[in-house]
Amino acid sequence: GTDISPPAGWRHSMMAHAWNDPYFQATVEDQTDEFPDYAGDIEDKCLTCHSPMGHSQAHASGLGLSNTACTGETGCYRMATAQQDDHAREGVSCTLCHQMVDGAVDLPSSGNFLVPGEGEATARIIYGPFLNPRGRPMQRRTNYDVRHSAYLSSSRHCATCHDLSTTSFDINTGHPAQPAISFKEQAPYAEWRNSRYSTDGVAKKTCQDCHMPAPDDYATRIAVTPSGLANSRWPKRRPYSLHEFAGGNTYVLGLLKTWRRELGIADSTTEEGFDAAISSSREVLRQAADISLQSYSRNAQQLKLEVTVKNRTGHKLPTGYPSRRMWVQLTVADANGSVFFESGKPNEHGSLDMDQSHLQPSCLTTNKPDGFDSTSCFEQHRNQISSPE
């Protein structure tokens with residue numbers, strides 16, 4: 001009774017809304033305001049993966065590129081252009097991932113995916129995970145030639161956008177640091193490659209195993225005829241990977257749901273669809289870690305709990321964009337349910353008690369005074385919690 005077709009799963013995913021994501025757009029705007037001389041370079045870098053179809057098409061054709069605030073020889077793809085390009089506003093869509101070819105890069109950096117360009121022999125090839133695909137229906141409808149590709153099911157396929165290195169800037173000059181420094185902003189793939197999930201035969205899992213899970217023992221014909229019916233002559237395939245691309249980001253999915261009309265996606269999305277995407281992401285989060293009480297002791301003056309959190313992902317937890325965080329919430333109540341101690345409870349905006357001190361003006365300004373101690377501006381890892389604050 002549930003539509004599990006690839007378009008249905010993708011439609012409300014973060015992949016589909018990589019461009020629409022207001023958090024992403026605000027971050028890019030903040031960076032370009034900070035470094036206006038390089039605004040074109042910054043936008044081009046970010047749009048490589050947030051609007052990969054628009055970016056790839058522009059650089060392949062040479063159309064729609066700008067030389068303003070851009071040091072690249074061929075020009076930069078800008079946010080204002082992507083705003084007008086329908087294929088840019090579709091974020092990461094089917095034909096981006098399914099046209100990518102193996103670049104044979106062991107440790108990729110963001111945006112180095114390879115998509116054949118117009119005129120190349122492989123330009124009209126589309127790849128899938130199944131052997132011996134039936135290609136005629138795809139050829140008739142889209143003029144694509146279908147081929148099998150093991151690369152499509154590999155973690156390296158995801159790594160081309162999910163390991164991100166950026167150029168470090170000198171805050172005093174507003175120009176790239178000299179000598180040049182490449183800063184690893186996020187590295188889920190590198191983390192996975194150094195985990196047991198990349199090598200252990202029993203535990204081995206790819207990115208797709210967790211983020212595109214296959215229903216147990218489910219097989220299906222993976223396409224329908226123009227009338228909407230399955231062709232009985234087509235083979236049933238398994239495993240069939242869901243295209244929800246569920247991750248740990250429920251906050252932005254909530255923003256997309258609330259501001260659908262303002263973001264221009266009201267006609268292509270539904271509130272129910274985003275609710276389902278949020279639910280899927282929370283299910284992924286529930287499986288991401290185990291939390292257990294290792295020991296417990298109490299006397300007249302003190303209650304002591306030793307808690308262990310076990311990471312069950314193949315990467316750091318949390319991982320990806322560095323503003324993400326995790327914390328333990330502890331509530332102590334009496335037999336009547338009255339709470340008399342609580343630590344780590346977020347308010348209705350998602351803030352914790354200590355957050356206000358991290359948002360002081362001296363923490364938020366880019367140019368810090370000499371000798372400024374930045375440790376007061378972020379929450380450090382804590383091994384022991386001893387107060388509600």
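Is C210 buried, partly exposed or exposed? In this predicted model, C210 has a relative accessibility of 37% and therefore counts as partly exposed. The sulfur of C210 has its closest cysteine sulfur in C207, at 8.5 Å, which is too far for a bond. In contrast to C210, which is partly exposed, C97 is buried, with a relative accessible area of 17%.

Three disulfides are assigned in the model. With bonded cysteines counted along the chain, the disulfides follow the pattern 1-4, 2-3, 5-6. One of them links C49 and C161, whose sulfur atoms are 2.1 Å apart. This link is left-handed, with -90 degrees about the S-S bond. C49 is located in helix 3 (residues 39-50) and C161 in helix 9 (residues 155-162), so the bond ties together parts that are 112 residues apart in sequence. The two partners fall into separate accessibility classes: C49 is buried, at a relative accessible area of 12%, whereas C161 is partly exposed, at 23%. The cut-off for burial is under 20% relative accessible area, so a value of 23% places C161 in the partly exposed class.

A further disulfide joins C70 to C76, with an S to S distance of 2.0 Å. Here the link is right-handed, with 75 degrees about the S-S bond. Burial applies to both C70 and C76.

The disulfide between C363 and C377 likewise has its sulfur atoms 2.0 Å apart. The value about the S-S bond is -80 degrees, and the link of C363 and C377 is left-handed. C363 lies in helix 15 (residues 361-364), while C377 belongs to the segment after helix 15, so this pair ties together parts that are 14 residues apart in sequence. C363 is buried, with a relative accessible area of 11%, and C377 is buried as well, at 18%.

The packing of nonpolar residues was examined next. In soluble globular proteins, nonpolar side chains tend to be buried together. The largest nonpolar core of the model comprises 12 residues, namely W10, M15, A16, A18, C49, M53, V92, L96, C97, M100, F113 and Y151. Within the core, L96 was considered in more detail. When neighbours within four places in sequence are left aside, L96 is in contact with P52, M53, F113 and V115. A second, separate core contains nine residues, including W19, V28, L47 and A58.

I291, L293, Y296, L303, V307, V309 and V328 make a nonpolar surface patch of about 650 Å². Strand 7 (289-298) and strand 8 (303-311) are the elements that give two or more residues to this patch. V328, another member of the patch, is found in the loop between strand 8 and strand 9 (330-333). With a relative accessibility of 44%, V328 counts as partly exposed.

Terms used: Residues numbered from 1 in each chain as written. Predicted model: local features only at pLDDT ≥ 70, side-chain atom pairs only at ≥ 80, totals over all residues. Heavy atoms only, no water. Core = buried A, V, L, I, M, F, W, Y, C linked by side-chain atoms within 4.5 Å. Buried < 20%, exposed > 50% of the residue type's maximum accessible area, 1.4 Å probe, protein only. Contact = heavy atoms within 4.5 Å. Disulfide = S-S within 2.5 Å. Helix = DSSP H or I, 4+ residues; strand = E, 2+ residues; numbered from the N terminus. Patch = residues over 30% accessible without salt bridge, like charges linked within 9 Å, V, L, I, M, F, W, Y side chains within 5 Å. Areas by Shrake-Rupley, 256 points an atom, 1.4 Å probe, with all protein chains shown as cover. Salt bridge = Lys/Arg side-chain N within 4 Å of Asp/Glu carboxyl O.
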